[in-house]
Every structure is written in structure tokens, then in C-alpha cells.
Amino acid sequence: MTREIERVAQIPVAQIATIVPIMLTVGANRIVPGVAIPHPVGNPEEDKKTRRKLVLRALKALQADISEQTIFES
């Protein structure tokens, strides 16, 4: 779905996902690896710093010019 949003609406999309190989298979263009399956951006009760870091990484991914699938790890 993220590829279609980018293709049709021309809106960049960054996907925060815990299982990166699946995102590569489905064709997501900007992939930000998440923390864990039940909480992709960290435990909501404990990990404010982790959530902030992942969201900032996703925002940088949205700003990046890419020509192929890219994983934004740091």
C-alpha cells in the first residue's frame, strides 16, 4: 500500500516495521526497523526516548531522495 500512496498520490511514505524482510517483499520504499512485534515503536508506557528516536528517523527517511528500497537504520 505504501508504494501505491507514493505512486498515485506522490506522497512519500516511511514504514516503521519490525519484520524488515516482509517490507522488502511487499515493496515498501522507505523502511525504518521497529523495536518489537507487539510495540513497533517501543513500549508505550516506558520508551518515550525510543519512540522519539524512531519517529525522527522516519521523518528523515521522508526527506531523503531515494531511487530504490532503502532501510534507514540510523
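## Burial and the model

Buried means under 20% relative accessible area, exposed over 50%, and partly exposed in between, with a 1.4 Å probe and protein chains only. By that cut-off Ala-17 is buried, because its relative accessible area is 7%.

This is a predicted model, in which local features need pLDDT of at least 70, side-chain atom pairs count only at pLDDT 80 or more, and totals for chains, interfaces and linings use all residues. Residues are numbered from 1 along each chain as its sequence is written, and side-chain values use heavy atoms, without hydrogens or water.

## Overall architecture

The protein chain holds three helices and three strands. These are DSSP runs, numbered from the N terminus: helices are H or I of at least four residues, strands E of at least two. Along the sequence the pattern is α-β-α-β-α-β. The radius of gyration is 12 Å, close to the 11 Å of the globule rule for 74 residues, so the chain is as compact as a globular protein of that length. That radius is taken over C-alpha atoms; the rule is 2.2 Å times the number of residues to the power 0.38.

The C-alpha atoms fill a box of roughly 35 × 25 × 20 Å along the principal axes. Of the 74 residues, 27% count as buried. The chain exposes about 5,400 Å², with 55% of it supplied by carbon and sulfur atoms. Accessible areas come from the Shrake-Rupley method with a 1.4 Å probe; for residues, only the protein chains shown count as cover. Contact means heavy atoms within 4.5 Å. Among contacts between residues at least 6 apart in sequence, 44% join residues at least 24 apart.

## The sheet

Three strands form an open sheet in the order β1-β2-β3, with parallel pairing. Two strands pair if DSSP finds at least two bridges between them. The edge strands are β1 (14–17) and β3 (70–71), each pairing on one side only. Four parallel bridges link β1 to β2 (residues 30–33). Gln-15 has Ile-31 as its bridge partner in β2, and Ile-16 has Val-32.

Helix α3 (residues 48–63) packs on the sheet and touches β1 and β2; its direction makes about 165° with that of β2. Axes are lines fitted to C-alpha atoms, for helices over the stretch in contact, and angles run from 0 to 180 degrees between N-to-C directions.

In a regular strand, side chains alternate between the two faces of the sheet. In β2, Arg-30 and Val-32 point one way, Ile-31 and Pro-33 the other, and all are buried.

## Two nonpolar cores

A nonpolar core is a set of buried Ala, Val, Leu, Ile, Met, Phe, Trp, Tyr and Cys residues joined through side-chain atoms within 4.5 Å. The largest has six residues: Val-32, Leu-54, Ala-58, Ala-61, Ala-64 and Phe-72. Its largest share, three residues, comes from α3. Apart from it lies another core of five residues, including Ala-17, Met-23, Ala-28 and Ile-31.

Phe-72 touches Arg-30, Ile-31, Val-32, Pro-33, Arg-57, Ala-61, Ala-64 and Ile-66, not counting residues up to four places away in sequence. Ala-17 lies in β1. Leaving aside neighbours within four places, Ala-17 contacts Met-23, Val-32, Pro-33 and Gly-34. Pro-40 is 23 residues from Ala-17 in sequence, with a C-alpha to C-alpha distance of 6.3 Å.

## A positive phi

Gln-10 lies in the loop between α1 (2–9) and β1. Its relative accessibility is 66%, so Gln-10 counts as exposed. Most residues other than glycine have a negative phi. Gln-10 has a positive value, near 60°.
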